[in-house]
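Let's take a tour of a protein model, one piece at a time. Have a look at the sequence and the structure first, then read on.

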Amino acid sequence: MLPPRYDWHGFGFDTRQVHAGETAEPGHGARITPVYLTAAYRFDSFAQAEARFTGADDGQLYSRNLNPTHQVAERRIASLEGGSGAIVVGSGQAAITAVLLGLAGAGERIVSTASIYSGTRILFDRTFARLGVASDYVRDARDEAAWDAAIGPATKAIFIETIPNPKNDLVDVVAVSRIARRHGIPLIVDNTVATPYLIRPLELGADVVIHSSTKFLSGHGAALSGAIVDGGRFDWVGSSRAYPGLTEAGTAGKPSYVEAYGERALEAYLRFGIVNDLGAALSPVNSFLLQQGIETLSLRMERHLANAAAVAAWLDAHPAVESVDFAGLPDNPFHDIARDRFGGHAGSVFAFTVRGGRDAAEAFMDALQVFSRMTNIGDVRSMALHPATTTHVSFPADERARLGIGDGLVRLSIGIETVDDLIADLSQGLDAATRRVGA
């Protein structure tokens with residue numbers, strides 16, 4: 001059995017980010033969820049041990065798949081995203097791996113937008129390929145014919161990001177969900193950069209939501225974590241594709257996950273099957289830190305979004321800047337999606353291109369003082385990175401060109417500092433770039 005949901009249904013987003021998922025701590029009445037640092041749990045009897053291993057008793061068995069600290073974070077994230085349940089794991093990469101390898105096996109395929117985060121592309125093209133799971137890419141997410149051409153009989157899932165990193169080329173979840181439904185396959189959406197504060201993909205037709213909760217959900221940059229949210233609505237039995245892990249009966253005459261868990265079938269299948277088997281366990285300490293971050297998500301996102309819009313507009317007007325990839329700008333080709341799906345916002349992770357190529361980008365990066373030169377995103381601190389020599393350095397030059405990762409491109413993750421200080425830092429960085437390459 002699965003733990004019960006505590007979704008605080010009917011309460012506002014701000015209330016749920018603080019309270020959803022909590023249970024009373026019986027020992028001492030602690031107000032904050034305790035950190036349960038234990039690998040395993042004692043059984044009261046021989047019969048209880050058997051019941052927990054067979055699923056007849058939903059109590060704790062082993063922290064690889066159930067931990068009381070994790071359960072609070074899981075319920076809270078599920079509530080904010082509007083899912084039937086959630087699972088926290090060791091990283092966002094672990095979340096992607098668990099979901100897609102749970103749905104696709106050797107000889108099968110997944111389809112994804114091409115501009116997803118570089119680490120995810122590397123995961124698909126290197127590790128998934130070695131396991132026999134092939135990936136097909138659609139370069140223009142608006143092109144329904146391209147999706148239809150990429151999806152074949154062996155395709156088991158569609159994967160997209162709401163706000164791709166670093167190009168900020170927003171994806172219309174509603175449009176892609178129509179394609180997924182037409183082909184009878186689930187839509188998996190990485191909502192890391194947008195967060196449920198900005199958009200909730202399950203409400204727009206997605207079937208599963210993934211987070212690298214290391215990023216905005218935590219916000220402090222102190223601990224790795226990932227999350228998987230089951231929408232609970234995909235028809236695994238009626239799909240035109242086979243998902244035997246979910247629909248076939250288990251050993252010793254046990255019912256299938258769909259029969260046993262209904263709308264929470266995927267959550268149970270991943271929790272007790274794939275996540276358990278892969279061992280992608282999250283530390284309870286990191287789970288505790290994730291909960292602390294979620295409590296202030298909406299407050300932080302308000303500042304992230306406001307700062308990002310101001311910085312993007314300032315960069316767009318600067319003579320040393322060639323272009324700004326930010327869908328919140330009115331002339332951006334993805335502005336209509338920002339307006340229609342994201343309330344006019346475009347997140348706070350985007351890129352711009354400094355005039356003068358690599359030399360100018362190097363001078364700019366080395367001059368920064370408030371912005372941290374680092375590879376993370378979604379921190380309260382503002383960060384900058386040069387993708388062509390870091391996250392995309394292993395990509396062939398022609399693929400970098402197709403993805404728009406030029407030598408002058410710089411990725412920014414805008415934090416919550418005073419916006420005037422961020423603009424001043426960018427200004428002196430661009431002055432340094434101009435001095436390096438000339439006016």
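## Before we start

Two strands count as paired if DSSP finds at least two bridges between them. Helices (H or I, at least four residues) and strands (E, at least two) are DSSP runs, numbered from the N terminus. Strands of a sheet pair through backbone hydrogen bonds, either parallel or antiparallel.

This is a predicted model, where local features need pLDDT of at least 70, side-chain atom pairs count only at pLDDT 80 or more, and totals for chains, interfaces and linings use all residues. Residues are numbered from 1 along each chain as its sequence is written, and side-chain values use heavy atoms, with hydrogens and water left out.

## The five-stranded sheet

Five strands make up an open sheet, in the order β8-β9-β12-β11-β10, with mixed pairing. At its edges you'll find β8 and β10 (372–373), each of which pairs on one side only. Strands β11 (residues 383–385) and β12 run antiparallel and are joined by three bridges. Which residue of β12 stands opposite A384? That's L412.

Helix α15 lies across β9, β10, β11 and β12, and runs at about 125° to β9. For angles like this one, axes are lines fitted to C-alpha atoms (for helices over the stretch in contact), and the angles run from 0 to 180 degrees between N-to-C directions.

## Helix α17 and its cover

Now on to α17 (residues 419–437), a helix of 19 residues. The expected span of a helix is 1.5 Å times one less than its number of residues. For α17 that gives 27 Å, and its end C-alpha atoms are 27 Å apart, so the two agree.

Several residues of α17 are buried, among them L422, I423, D425 and L426. Buried means under 20% relative accessible area, while exposed means over 50% and partly exposed is in between (1.4 Å probe, protein chains only). What covers the buried residues of α17? The cover includes α13, β8 (321–325), β9 (349–354), α15 (357–367) and β12 (409–413).

## N307, a buried residue in α13

N307 has its place in helix α13 (residues 297–316). Is N307 buried or exposed? It counts as buried, because its relative accessibility is 5%. Leaving out residues up to four places away in sequence, N307 touches I414, G415, I416, E417, V419 and L422; contact here means heavy atoms within 4.5 Å.

N307 also has a polar side-chain atom 3.0 Å from the backbone oxygen of G415. A polar contact is a pair of N or O atoms within 3.5 Å; within protein, one must be able to donate a hydrogen and the other to accept it, and residues adjacent in sequence count only if both atoms are side-chain atoms.

## The seven-stranded sheet

There's also an open sheet of seven strands, ordered β1-β7-β6-β5-β4-β2-β3, again with mixed pairing. Here β1 (85–89) and β3 (134–138) stand at the edges with a single partner strand each, so one side of each has no neighbour in the sheet. From one strand to the next, the twist averages 20°.

Strand β5 (residues 187–190) runs parallel to β6, and three bridges join them. In β6, I210 is the bridge partner of D190. Helix α7 (residues 173–183) packs on this sheet, touching β4 (155–161) and β5, and its direction makes about 180° with that of β4. Helix α11 packs on the sheet too, touching β1, β6 and β7, with its direction at about 25° to that of β1.

## A closer look at α11

Helix α11 (residues 265–278) has 14 residues and reaches 18 Å from first C-alpha to last, close to the expected 20 Å. At R271, α11 bends by about 40°; the bend is the angle between axes fitted to the seven residues ending there and the seven starting there.

Why is α11 largely enclosed by the rest of the structure? Because eleven of its 14 residues are buried. Those buried residues include A265, L266, Y269 and N276. G279 follows α11, and its phi is positive, near 75°.

## Two loop residues

S225 sits in the loop between β6 (208–211) and β7 (226–230). S225 is buried, since its relative accessible area is 1%. Its side chain makes a polar contact of 2.7 Å with that of S213.

R31 is in the loop between α1 (13–19) and α2 (46–54). A polar contact of 3.2 Å joins the side chains of R31 and E22.
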